[in-house]
Amino acid sequence: MTGEKQKKGILLTGTYSSFNKGDAAMEICTSNLVQRLHPDYDLSISCPFPEYDKDFYAPVKVVRCYRRRLILGTINLLRLWLWSFLKAKTGKDHSWLIQNEELQAYANCAAVVDLS
């Protein structure tokens, strides 16, 4: 590392799609509030259909979530837990365990806000 502090993030989870206007309203209101209160944090939204939602929520970053897919969601949860455990116990970053965008968003966030 260059001594430069990595910018932390806040991850919004728990909604389905911007096609559901109630979900969209929760995401937009929460993201506006978070950006106003914490402008120095990166904000991301985790949802199952980023291909539909990325333009709707722009400029907020949208990452694909797998929590509605039981087996893949469980595997990802275990990978994230193992990464965190090994990092704490060994002091080394086993980043090969979190090679997808969703897990990296969880690993780099200071807070997760679940809107479900």
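Q: Before the surface, what makes a patch here?
A: Patches are made of residues with over 30% relative accessible area and no salt bridge, and nonpolar side chains are joined within 5 Å. Keep in mind that this is a predicted model.

Q: OK. Which residues make the nonpolar surface patch?
A: Leu70, Ile71 and Ile75. The patch covers about 350 Å².

Q: Where does leucine 70 lie?
A: In helix α3, residues 70-90.

Q: Does leucine 70 count as buried or exposed, and why?
A: Exposed, because its relative accessibility is 68% and the cut-off for exposed is over 50%.

Q: Switching to threonine 15. Where is its place?
A: In the loop between β1 (9-13) and α1 (21-37).

Q: And is threonine 15 buried or exposed?
A: Buried, because its relative accessibility is 3%. The cut-off for buried is under 20%.

Q: Which side chain joins threonine 15 in a polar contact?
A: That of glutamate 27, at 2.3 Å.

Q: What else does threonine 15 touch?
A: Leaving out residues up to four places away in sequence, its contacts include Asp23, Met26, Ser46, Cys47, Pro48, Arg68 and Leu115.

Q: Zooming out. What pattern does the chain follow?
A: β-α-β-α-β-α-α-β along the sequence. That comes to four helices and four strands.

Q: What radius of gyration does the chain have?
A: 15 Å. A compact globule with 116 residues would be near 13 Å, so the chain agrees with that. The C-alpha trace spans about 45 × 35 × 20 Å along its principal axes.

Q: How much of the chain counts as buried?
A: 36% of the 116 residues. The chain exposes about 7600 Å², with 58% of that supplied by carbon and sulfur atoms.

Definitions and conventions: Residues are numbered from 1 along each chain as its sequence is written. This is a predicted model: local features need pLDDT of at least 70, side-chain atom pairs count only at pLDDT 80 or more; totals for chains, interfaces and linings use all residues. Side-chain values use heavy atoms; hydrogens and water are left out. Helices (H or I, at least four residues) and strands (E, at least two) are DSSP runs, numbered from the N terminus. Buried means under 20% relative accessible area, exposed over 50%, partly exposed in between (1.4 Å probe, protein chains only). A polar contact is a pair of N or O atoms within 3.5 Å; within protein, one must be able to donate a hydrogen and the other to accept it, and residues adjacent in sequence count only if both atoms are side-chain atoms. Contact means heavy atoms within 4.5 Å. Patches are made of residues with over 30% relative accessible area and no salt bridge: like charges are joined within 9 Å, nonpolar side chains (Val, Leu, Ile, Met, Phe, Trp, Tyr) within 5 Å. Accessible areas come from the Shrake-Rupley method with a 1.4 Å probe; for residues, only the protein chains shown count as cover. A salt bridge is a side-chain nitrogen of Lys or Arg within 4 Å of a carboxyl oxygen of Asp or Glu. The radius of gyration is taken over C-alpha atoms; the globule rule is 2.2 Å times the number of residues to the power 0.38.
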